[in-house]
Amino acid sequence: MEAAQAGGAAGPESAATAPATTTVASAAERALWPTTALLLIQPISILPPPTVGRTTLGKRKREVGSRFNRQFGLSAGTVPVLPYPILIPPLAARAYRVAEETGFGADGGVSSSRPGVGALLAVLAAARPGGRMAELGTGLGAGAAWLLSGMDAAATLVTVELDADRAALARDLLATDPRATVITGGWEDHLPARAPFDLVFVDSGVSGRLDDEETAASVLELVGVGGQLVLDDLTPEAELHPPPAVDPKRAFALRHPRLVGAELYPPGTDGSVGGVRSGLLVATRVA
Ligand SMILES: C[S@@+](CC[C@H](N)C(=O)[O-])C[C@H]1O[C@@H](n2cnc3c(N)ncnc32)[C@H](O)[C@@H]1O
């Protein structure tokens, strides 16, 4: 079932009259966004020798994390603390709060995209003025909120979620933003007809099936030439025991003849880099 667009048509008129949160944020607005690790900037330069320094850094990260979580009424440790300053768009902060309230991700299964992933999504979206973005697997809308935070007023986002309850929560969250459309259903049924997109966040669990030629082709066809795919939950090869002969996700993004891809590792919830499902693949379609 397709839902109505979250907040109305995203034409030039609505974009011009849209509230501040629906257009790309100004520097002044960004200055008001919550920050997870801003305090780390100063102390790093005056840290004592390494061992003591790491201890101090860890303590300070925990302090900053608790401050952020208190500010948003979240339990300790809900929002990860990163070893660099990162601004959390207000809608994404709300998505993290809803995730906590509803226990989304609490069982160690599917969960909201972390700020390190979201920040990259915002950067890529910001590089597409007037662009068409799509997301496979909305969850509770955190990834969508990050994408929207980077998009300009003329850009649009279609995000598809199989689970009706999650889709409803995400639709509520994104209802004020006319650029967003939340669809309830399977991406396979809704996105191909709307393709090609400029940027697609592949976050529905399909990446494990990319060794299937037909599935790989349907994901590839979601972007046009020059368009980009982002796949997350990548585990470093060194941590795959036993290492698979072929890792479908990596083979697709890094070896497909029509893609140029790179493997990236944003810092995890404790500020460390690497670890199970901590990585991303970003690939640009070249043919
Ligand atoms: C990891 S969560 C998405 C998190 C979200 N992208 C974010 O950034 O916060 C994966 C979601 O994909 C949904 N999903 C699974 N198969 C799907 C499909 N075929 N089409 C759309 N959504 C699907 C699941 O219900 C789940 O909510």
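Select strand E7, residues 279-285, where six of the seven residues are buried. Buried means that 20 or more other C-beta atoms lie within 10 Å of the residue's own; exposed means 12 or fewer, partly exposed is in between, and the C-beta atoms are placed from the backbone. Strands (E, at least two residues) and helices (H or I, at least four) are DSSP runs, numbered from the N terminus.

Two notes before moving on. Residues are numbered from 1 along each chain as its sequence is written. The model is predicted: local features need pLDDT of at least 70, side-chain atom pairs count only at pLDDT 80 or more, and totals for chains, interfaces and linings use all residues.

Two strands pair if DSSP finds at least two bridges between them. Look for leucine 231, which stands opposite leucine 281 of E7.

**Backbone angles to check**

Stay in strand E5 and select aspartate 233. Aspartate 233 is not a glycine, yet its phi is positive, about 60°. Is aspartate 233 buried or exposed? Aspartate 233 counts as buried because it has 20 C-beta neighbours inside 10 Å.

Now go to the loop between E6 and E7 and pick arginine 277. Arginine 277 also has a positive phi, near 60°, and is a residue other than glycine. Arginine 277 has 12 C-beta neighbours inside 10 Å, so it counts as exposed.

Then select proline 242, in the loop between E5 and helix H11 (248-255). The peptide bond joining histidine 241 and proline 242 is cis, with omega about -10°. Another cis peptide bond runs from alanine 195 to proline 196, with omega near 5°. Proline 196 sits in the loop between H9 and strand E4 (197-202).

**The ligand**

Select the ligand and the 21 residues around it; Ser113, Gly137, Gly139, Ala142 and Gly143 come nearest. A residue is near a molecule or strand if its C-beta atom, placed from the backbone, lies within 6 Å of it. Strand E1 (132-136), helix H7 (142-150), strand E2 (156-161) and helix H9 (187-190) each give two or more residues to this shell. Colour the shell by class: six residues are nonpolar, nine polar and six charged. Here Ala, Val, Leu, Ile, Met, Phe, Trp, Tyr, Cys and Pro count as nonpolar, Asp, Glu, Lys and Arg as charged, and the others, Gly among them, as polar.

Keep H7 selected: nine of its nine residues are buried. Among them are Ala142, Ala145, Trp146 and Leu147.

From there, select alanine 95. Which residues is alanine 95 in contact with, leaving aside its neighbours within four places in sequence? They are Ser112, Leu140, Gly141, Ala142, Ala145 and Leu173. Contact means that the C-beta atoms of two residues, placed from the backbone, lie within 7 Å.

Last, show the largest nonpolar core, with 61 residues; Ala95, Leu121, Met133, Leu147, Val200 and Val202 have the most contacts inside it. Such a core is a set of buried Ala, Val, Leu, Ile, Met, Phe, Trp, Tyr and Cys residues joined through C-beta atoms within 7 Å. Domain 1 (38-88) and domain 2 (106-285) each supply at least three residues to this core. The domain bounds come from an automatic or database domain assignment.
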